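Me: Could you walk me through a few features of a model, one at a time?

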Amino acid sequence: MGKTLTEKIIENHFVSGSLKSGEEVSVKIDQTLTQDATGTMVYLQFEAMDISKVKTELSVSYIDHNTQQADFKNMDDHQFLQSFAKKYGVFFSRPGNGICHQIHLEIFGIPGKTLLGSDSHTPTGGGIGMLAIGAGGLDVACAMAGAPFSFVMPQVIGVHLTGELKPMCSSKDVILKILQLETVKGGVGKVYEYYGKGVETLSVPQRATITNMGAELGATSSVFPSDKITKEFMKLQGREKEWVELLADNDCKYSKVIEINLSEIEPMIAQPHMPDLVVPVREVEGKKIDQAAIGSCTNSSINDLGIAADILDGKTVSENVSLGISPGSKQVFENAIDAGIIKKLVKSGARILESSCGPCIGMGFAPSSGGVTVRTFNRNFKGRSGTSDADVYLSSPETAAASALFGVITDPRKVKITPKDYSEFTKSDNSMIIPPASEAEAKTLEIIRGPNIKPCPKASPAENNFEAKIIIKTGDNITTDHIMPAGAKVLPYRSNIPEIAKYTFEAVDPGFYENAKNAGKGIIVGGENYGQGSSREHAALAPMYLGVKAVVVKSFARIHKANLINFGITPLTFKNTSDYDAISKDNIIFFPSFIDDIKKGNEVKAINKTTGKEMIFLHDLTEKSIDILLEGGMLNYTKKTV
């Protein structure tokens, strides 16, 4: 039997474990990326391992999240990151150069390589034929130290594309359709692999839009083949020599096949407040909007901006709408200027924002109170935009531009234009990438540290018998935004765990911080798909700092579960779902033989001392995960084993 493309890349990087779906496998990581909201902690963790230089083929530090500089904190982080990169062998992408995923695709992505990033949308690299995986920052730090990355060998879901997209329909509509079919938890433990004649009709940026939002499915990754379209993209970037052809075998077998006829795709839109609440645009057409935003790592290539400019060319944005444009990179920005795209957008009344994540993470351009905004982004969780009561819709650039023009959600097919291909204007630009120092120079360099940069706290080893208080009980689909919010107020504290911990669960339970501090040892209880969304390890780091010892839920999202283990918090699930209903906040839970239970099987005994009820929790920890917990987290484990 032939092999899928995913299987080929994993086998080519295999270190240990099993290639059987559902079992743990460890692979060599070729490249890593970080961004500034997660990167400072990553490099503090790497520094704590006492290793003189990164051991990957390539590691890149990007500045794209915390680019607002209302005070010293963000720029202090940037100076730390730049000085660290120079000293330890990491390339550094300067503020203003753009969004990590867009730049990595342009300058560094190589088909067939493995990429591990401390950002959940790292699978964007699958658009160029990489196996790109989002992970917690500590996993990335360990990969830079030379350790393999361990994860559950995924099922490979085949997405068979046929036909060709019709005018004013886009690849964003394709991934929104898949989200409608698969839901935000449908991809857990899976890689979505695209194949078929329809693939040949999609450009690399279009493919990258699809792989980017595979993160919203909860997927480990998504990947497209590396073919002649990939080669043409890399040729435009001046990197044709790095291209290799990578295809799945014709007789490979997928765990499941999803059939998508691109010719039948229509404009789609995700309604508030979840990326899988997807309907055709025509079903919500006519709803008044206050704002539109085009950009983010999902839709900010030159053709994304170009189609918006052509829709708005010679017209003016509706008087009641504010339209913001975020080019994905400095390269895209420059090329869009050369192509006349920026002039068209500016003349239409659009506001040109910085090439950064910006509004997507609530960092500026927030909607009005109770406002309705249509965005080409990848997430619309409640409050993520920076406005707690705003309604955020996710759409294609075509739909966002048409809606901005008419002031209401609009099916873009009503705008009669012929879409153009602006790819010919592509000129590669890596002038804002700073290479690392030579080994001799590196020895003389000092790391710059501002007062907001604090050491990474370490977890304590697991205890065999202990009791802890339930400090919060949540429902289903709790995101990492719920646990640790983003936005201009909180993000500057990403390098200061004692300070950022004060915002833990702020939007769910404002009293969580004080309750956790007073409890000493705590337990979090949750429902289905706990921890979905961003890879931010701070959603595990801050609870660890506050004394959380275990999280007991109905089911976990992949990255957050791994982050909990990395920071010494044991992830458990209910054996009997009725126990979820019987357990309450402030109950005291006693574990009489915690470590013994974890070592000997998959059941952990617990007694609710408040009610007297005995319960069984389950775990699926690997031998390595148990060792990590016993060592007090991945940092201690890696320092001991690498």
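This is a predicted model: local features need pLDDT of at least 70, side-chain atom pairs count only at pLDDT 80 or more; totals for chains, interfaces and linings use all residues.

Me: How do the axes of helix α6 and helix α7 cross, and within what distance do they come?

Reply: Two packed helices are described by the angle between their axes and the distance between the axes. Here α6 (residues 171-182) and α7 (residues 204-212) have axes that come within 8 Å and cross at roughly 25°. That makes the helices roughly parallel (angles under 35 degrees).

Me: Which residues of α6 and α7 meet?

Reply: From α6, S171, K172, V174 and I175 meet Q206, T209 and I210 of α7. These contact residues divide into three nonpolar, three polar and one charged.

Me: What is the phi of D50, and where is D50 found?

Reply: Most residues other than glycine have a negative phi, and most peptide bonds are trans. D50, not a glycine, has a positive phi of about 60°, and is found in the loop between α2 (36-47) and β4 (58-62). D50 is exposed, at 60% relative accessible area (exposed means over 50%).

Me: Which residues does a cis peptide bond join?

Reply: P272 and H273, with omega about 0°. H273 is in the loop between β13 (268-270) and β14 (278-280).

Key. Residues are numbered from 1 along each chain as its sequence is written. Side-chain values use heavy atoms; hydrogens and water are left out. Axes are lines fitted to C-alpha atoms, for helices over the stretch in contact, and angles run from 0 to 180 degrees between N-to-C directions. Helices (H or I, at least four residues) and strands (E, at least two) are DSSP runs, numbered from the N terminus. Angles under 35 degrees count as roughly parallel, over 145 as roughly antiparallel, 65 to 115 as roughly perpendicular and the rest as oblique. Contact means heavy atoms within 4.5 Å. Ala, Val, Leu, Ile, Met, Phe, Trp, Tyr, Cys and Pro count as nonpolar, Asp, Glu, Lys and Arg as charged, and the others, Gly among them, as polar. Buried means under 20% relative accessible area, exposed over 50%, partly exposed in between (1.4 Å probe, protein chains only).
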